[in-house]
Amino acid sequence: MESGRGSKTCSGPCQGYGGQQISRRGFLWAGLGSLLAFVSGSFVAAYYYLFPPDVEDLSKVVDVGSPTQFPVGSVRYIPEKRFFIVHDARGFAAISGICTHLGCTVEWFKVPKRFECPCHGSFFASDGTLLGGPAPRPLDCYEILYQNDRLVVNTGRRVAKDYRCKV
Ligand code: FES
């Protein structure tokens, strides 16, 4: 059927790519199939983003050295990974240095024995417990293990604040 301006319109099957006839119904089914493929692909991507598979990310495993480098009572910052190694009477702990308010790096103060955030004043006990300020929760504690005479921290695994590695 010809329109007034010289372009063609179809009232039945139309010509597709390669000269194939595509019915309106076929076109709609193809469109619906593409939409379903897109939506299901998006769900799969979202699922893996929200629930990543339990594969150990080796970039998150850090060898911090021999336990003898961390005497009892010491709190030492590991700047490359932004966490502290705390060695108290119960053992070794790895405490995140990232403030849970807006992500500034906290500092350790021997007196009064606490972590303080320079940005908005949150402060935390040596085990990461939130003591005050706008931060919504304690500092994260990471898994720390003793392997081959070394202390190894996995920043990909959070543990309870009473977790300690004993050597
Ligand atoms: S970022 Fe630490 S208190 Fe705001």
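How many bridges join E5 to E6, and which way do the two strands run? I started my notebook with that. The model is predicted. Six bridges join the pair, and the strands run antiparallel.

Entry 1: E5 covers residues 83-88, and E6 covers 91-96. I then picked Ile85 and searched for its bridge partner in E6. The partner is Ala94.

Entry 2: I followed Ala94 onward. Its bridge partner in E11 is Tyr142. Two bridges join E6 to E11, and this pair is antiparallel.

**Entry 3: cover.** Is E6 mostly covered or mostly open? I found that five of its six residues are buried, so I wrote "mostly covered", taking 20 or more other C-beta atoms within 10 Å as the cut-off for buried.

**Entry 4: the core.** Next I looked for the largest nonpolar core. It has 22 residues. Among those with the most contacts inside it are Ile85, Ala93, Ala94 and Ile95. Ile144, Leu151 and Val153 are also on that list. E5, E6, E11 (141-147) and E12 (150-158) each supply at least two residues.

**Entry 5: around Ile85.** What does Ile85 touch, leaving aside its neighbours within four places in sequence? I listed Val64, Phe70, Arg76 and Ile78. Phe92, Ala94 and Leu151 complete the list.

**Entry 6: a cis bond.** I moved to the loop between E7 (107-109) and E8 (114-116), where Pro112 lies. A cis peptide bond joins Val111 and Pro112, with omega about 15°. I flagged it because most peptide bonds are trans.

**Entry 7: positive phi.** Lys113 is in the loop between E7 and E8 too. Its phi is near 60°, a positive value in a residue other than glycine. Is Lys113 buried or exposed? It counts as exposed because it has 11 C-beta neighbours inside 10 Å, and the cut-off is 12 or fewer.

I found another positive phi at Asp149, near 65°. Asp149 sits in the loop between E11 and E12. I counted 10 other C-beta atoms within 10 Å, so Asp149 is exposed. I marked both angles because most residues other than glycine have a negative phi.

Note on methods. Residues numbered from 1 in each chain as written. Predicted model: local features only at pLDDT ≥ 70, side-chain atom pairs only at ≥ 80, totals over all residues. Core = buried A, V, L, I, M, F, W, Y, C linked by C-beta atoms within 7 Å. Helix = DSSP H or I, 4+ residues; strand = E, 2+ residues; numbered from the N terminus. Contact = placed C-beta atoms within 7 Å. Pairing = 2+ DSSP bridges.
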